[in-house]
Amino acid sequence: MATTPSNKMRPTPHLPPNLPSLVATAFSRSVATKTVNFYPTSVTLLTINSIPFQLRYSPSLASKPKPPSVTTPKLFFNPFASPTQEMLITPFGTSPPSHNLVLNKFAVVPEHFILSTSAFKPQTHLLEADDLAAAYACIDAYARHNKELFVFFNSGDHSGASQPHRHLQLLPVENMKEGLEGEWDVLAKGLTDPNTRGKLPFEVFARDIEGLGGDGEELRRVYLELYNQACEAVLGVAEDIKHEGEAQISYNLAMTNNTMAVVPRLTEGGVVRDKDGQEVGNLALNGTVLAGTALVRSEMEWNALREDPDQVNQVLGRIGVPNRAKM
């Protein structure tokens with residue numbers, strides 16, 4: 001098995017102390033000028049194997065383009081190559097800035113934003129220590145204001161990825177809870193508990209990261225351990241797993257202040273049918289599945305899944321490696 005190369009300790013990136021208000025101000029301004037496509041979403045709670053799972057209807061996703069493949073960057077417009085002032089929240093990282101924080105043009109909740117690399121790096125390549133340290137710095141900046149962030153990353157053709165330039169997505173948890181009637185919390189926060197993982201129809205691998213203090217090298221060590229487990233689940237072998245360059249599988253990663261989780265992906269989703277058995281759409285799942293969230297882009301999908309929530313469970317059972325605990 002490949003080993004992690006030794007690197008000098010990188011400095012922890014520093015963010016403006018008022019990051020939550022910077023994001024909120026930029027989002028409000030861009031919605032007012034229609035730079036960001038955001039429409040109020042409808043949300044309801046489903047129960048999947050006793051886990052509260054939110055189903056969210058987001059009309060803004062209907063206008064989101066998708067490239068033929070995340071591995072074909074030349075065929076797709078890159079909004080992260082040179083972000084406009086309207087979309088840019090702040091650059092940050094060591095000099096010159098390694099990353100940009102930008103608004104998500106197709107926000108699924110208010111203040112949905114993105115951490116992208118300043119220079120082009122492929123979304124399908126493994127994350128680096130700087131990427132993980134930057135993501136955790138954002139989590140920590142929100143925590144200093146008693147706020148939570150859910151961070152997720154989509155990599156590979158089966159992951160729900162739609163942009164070939166490397167980026168992680170960030171959702172304020174408070175905004176994810178808006179409009180919900182009933183108890184719900186981010187699924188990833190509980191995934192270090194084997195009982196919670198055992199309720200899911202797919203394999204997921206998780207570790208506690210609360211004591212790492214945002215150290216990029218330590219975060220990457222945990223990330224590679226989880227990635228190794230995900231590769232073994234898909235490929236069936238532990239040897240020849242590379243720790244640099246192109247990832248060998250499709251997967252989603254999630255981070256909270258206390259947990260990192262990786263789910264290997266085999267397919268993006270599945271067909272949605274109405275009560276008469278007619279196909280009305282497709283439920284495509286990205287890294288928000290690790291928050292306990294499913295996003296739909298059409299009212300017909302929304303209605304069909306609320307009428308028959310078991311369809312969500314069936315799709316969850318197809319997107320990854322079947323959970324051995326449920327066999």
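The legends below describe several close-up views of a predicted model.

In this predicted model, local features need pLDDT of at least 70 and side-chain atom pairs count only at pLDDT 80 or more, whereas totals for chains, interfaces and linings use all residues. Residues are numbered from 1 along each chain as its sequence is written, and side-chain values use heavy atoms, with hydrogens and water left out.

**View 1. The hairpin of strand 3 and strand 4.** Four bridges link strand 3 and strand 4 in the antiparallel sense, and Phe92 stands opposite His99 of strand 4. Six residues separate the two strands of this hairpin, in which Gly93 takes a positive phi near 115 degrees. Strand 3 is mostly covered, four of its five residues being buried, a term that means under 20% relative accessible area, with exposed meaning over 50% and partly exposed in between (1.4 Å probe, protein chains only).

**View 2. Thr117 in strand 5.** Thr117 belongs to strand 5 and counts as buried because its relative accessible area is 3%. A polar atom of the Thr117 side chain lies 2.8 Å from the backbone oxygen of Ala119. Leaving aside neighbours within four places in sequence, Thr117 is in contact (heavy atoms within 4.5 Å) with Phe80, Ser98, His99, Asp131, His165 and Arg166.

View 3. A nonpolar core is a set of buried Ala, Val, Leu, Ile, Met, Phe, Trp, Tyr and Cys residues joined through side-chain atoms within 4.5 Å. The largest such core has 49 residues, and those with the most contacts inside it are Leu101, Tyr223, Tyr251, Leu253, Met255 and Met260. Helix 2 (residues 129-143) supplies the largest share of this core, nine residues. Not counting residues up to four places away in sequence, Met260 touches a set of residues that includes Leu132, Phe205, Ile209, Tyr223, Leu253 and Met255. A second, separate core of 44 residues includes Tyr57, Leu171, Ala294 and Leu295.

View 4. Strand 11 (residues 269-273) and strand 12 (residues 279-284) pair in the antiparallel sense over five bridges, and Arg273 has Glu279 of strand 12 as its bridge partner. The two strands form a hairpin with five residues between them, where Gly277 in the turn has a positive phi of about 85 degrees. Ala284, found in strand 12, is partly exposed because its relative accessible area is 31%. Leaving aside neighbours within four places in sequence, Ala284 is in contact with Glu268, Gly269 and Leu295, and the C-alpha atoms of Ala284 and Val296, twelve residues apart along the chain, are separated by 7.7 Å. In helix 6 (residues 299-307), the buried residues are Glu301, Trp302, Ala304 and Leu305, and what covers them includes strand 11, strand 12, strand 13 (293-296) and helix 7 (310-316).

View 5. Lys34, in the loop between helix 1 (19-32) and strand 1 (42-48), is a residue other than glycine with a positive phi, near 65 degrees. Lys34 counts as exposed because its relative accessibility is 67%. Glu111, in the loop between strand 4 (99-103) and strand 5 (113-117), likewise has a positive phi, near 70 degrees. Cys138 is buried, with a relative accessible area of 0%, and Cys231 counts as buried at 0% relative accessibility. Zero disulfides (pairs of cysteine sulfur atoms within 2.5 Å) are found in a search of the whole structure.

Notes. Pairing = 2+ DSSP bridges. Polar contact = N/O pair within 3.5 Å; in protein donor to acceptor, adjacent residues only side chain to side chain.
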